[in-house]
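User: Could you walk me through this model? I would like to start with how its parts meet and then look at some single residues.

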Amino acid sequence: MDVKSCVNLWVQPTRGLMDEKFVVLVQNVLPGSQLTVRAFHRCEDGHSWEAFAHYNANTSGTVNVAEDLSLGGTYSGVEPMGLLWSLRPVPGSKPGLRMRKMNVQTPMEVTISVYQGHQTEGFMDQEPLAGVMVERWYMAPGVRRIPITEGGLSATLFLPSGPGPFPGLLDLWGGGGKLVEYRAALLASHGIASLALDYLTPKITMEKGKMVDNQYFETAYRVLQQHPQILDSRIAMLGLSLGGSIVFKTAAYSQVIKLSCAVSINGSHVQPVDASLDEMILFFKENAEKCRSTEQNEVIFRDLLLPIPTDPTLKVDVARIQCPLLLVVGEDDQNWPAHESAMDMKEMMERAGNSHLLTVLSYPNAGHLIEPPYAPHARASSFRSVKSHETVMALWGGETAAHARAQEDAWRKMLVFLKANLYGGTNPGAASFSKL
């Protein structure tokens, strides 16, 4: 009997959002047979990634990845989405890779395959028993992508499907610069109009050689506020890393930007409060001698801001914050002192009497780059400084399985937080591919 012709590999849904779980089912194999289930993805930059897990078929000749135990591979145990979050560069890849979707108008294509035996290498030289291509999208059907250049902005607005009006969100990434769209696209897929903003390397900075000021962020806020399909009084701000620093400063001091709520992912309030963005980055750079390196020459940046200062001119006065604030913290963050900063902010807000506005989600063994669910964990990757243009291997931290769990939990709770504070208790729900 031809084993290959009998094997059935079933993956559902074959087209879905990036934060949507799928089911992988292998059927019609010999009871007790050893199998390897593998995921393979080729990125837009040409690099290839893989994840694989070893299973033994049950007495009915079936493997259900969502329920069965992986005995080894890139993950072990019962992990329904391990085939995505444990993706890693294939052997022989250049070091320091990090997977990031650049074109959100196309899907991430992943090939799920099943092989005979417990395999760990040589997949390209073998014929799988079965294979299925799945599509993972950041943009749900009907989400609109609108480039924004008015007022000198380098930004992209993602509008949810439907007439609206929708609440709005300003989405800021960290110190690597560039216009990063995928998180904003996914938030729009969940009913929140989101503006992805490049504030470190926008066209205006590239042309004039000068970093943006507070007016740049106010312009971005007004784009959201004045859009006919956006609720002008229900706007949030979300920032990761350096983006979190800007979120804190804006929420505490801006006379123009009035937020319904704010979210920081591994950010810090430590910064000269009267400084411009340029001066803030210079302040970090002046502490560069505090950086450490591992034996593998991975740079640990977290000591730049430690110890947390007592000088009130060197940290945002979070006592001034008057909107709900969510802090997402990876306790093994090796890039930024997110945990120490969160504890200090909590203490400051308790003393000031506004701690009722604060929610802290803190995750042991999670690192700096807490992304949307099922994104592969990068414990370290190449990082190019916007100011010095120097490329180093940055240590972000985190243990892969714990980090993956943190990403899934934090995203779910962040959506609940945003919708509760932006929709006033109503929940429009997420768009889906189920009707396609």
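**Domain contacts and selected residues**

Analyst: Across the interface of domain 1 and domain 2 the rule finds three salt bridges, a salt bridge being a side-chain nitrogen of Lys or Arg within 4 Å of a carboxyl oxygen of Asp or Glu. Please keep in mind that this is a predicted model, in which local features need pLDDT of at least 70 and side-chain atom pairs count only at pLDDT 80 or more, while totals for chains, interfaces and linings use all residues. Residues are numbered from 1 along each chain as its sequence is written, and side-chain values use heavy atoms, with hydrogens and water left out.

User: Where do the two domains run?
 
Analyst: The domain assignment gives domain 1 as 8-137 and domain 2 as 144-424, and such bounds come from an automatic or database domain assignment. Their C-alpha centres lie 32 Å apart, and the contact takes 22 residues from domain 1 and 28 residues from domain 2, where contact means heavy atoms within 4.5 Å.

User: How much area do they bury between them?

Analyst: About 2,000 Å² is buried between domain 1 and domain 2, with 63% of it on carbon and sulfur atoms; buried area here is the accessible area (1.4 Å probe) that two parts lose on being put together, summed over both. On the side of domain 1, Asp 19, Trp 85 and Arg 98 lose the most area to domain 2, together 34% of what that side buries.

User: And how many polar contacts cross it?

Analyst: Seven residue pairs are found in polar contact across the interface of domain 1 and domain 2, both residues at pLDDT 80 or more. A polar contact is a pair of N or O atoms within 3.5 Å; within protein, one must be able to donate a hydrogen and the other to accept it, and residues adjacent in sequence count only if both atoms are side-chain atoms. The elements that give two or more residues to the side of domain 1 that touches domain 2 are α2 (82-85) and β9 (130-137), with helices (H or I, at least four residues) and strands (E, at least two) taken as DSSP runs numbered from the N terminus.

User: Back to salt bridges: which residue does Glu 408 pair with?

Analyst: Glu 408 forms a salt bridge with Lys 21, and the closest N and O atoms are 3.5 Å apart. Because Glu 408 lies in helix α9 (residues 400-422) and Lys 21 in the loop between β2 (15-17) and β3 (23-27), the pair ties together parts that are 387 residues apart in sequence.

User: Are those two buried or exposed?

Analyst: Glu 408 is partly exposed, with a relative accessible area of 28%, and Lys 21 also counts as partly exposed, at 45%. In these terms buried means under 20% relative accessible area, exposed over 50%, and partly exposed in between (1.4 Å probe, protein chains only).

User: What about salt bridges within a helix?

Analyst: Arg 351 forms one with Glu 347, the closest N and O atoms being 3.1 Å apart, and because they are four residues apart in helix α8 (residues 338-352), about one helical turn separates them. Arg 351 counts as exposed at 61% relative accessibility, whereas Glu 347 is partly exposed at 44%. Glu 207 and Lys 203, both in helix α4 (residues 203-208), form another salt bridge, at 3.9 Å between the closest N and O atoms.

User: New topic: where is Lys 315, and is it buried or exposed?

Analyst: Lys 315 lies in the loop between β17 (298-300) and β18 (325-330) and is buried, with a relative accessible area of 9%. Its side chain reaches the backbone oxygen of Pro 309 at 3.0 Å, and its contacts beyond four places in sequence include Tyr 253, His 269, Asp 344 and Met 348.
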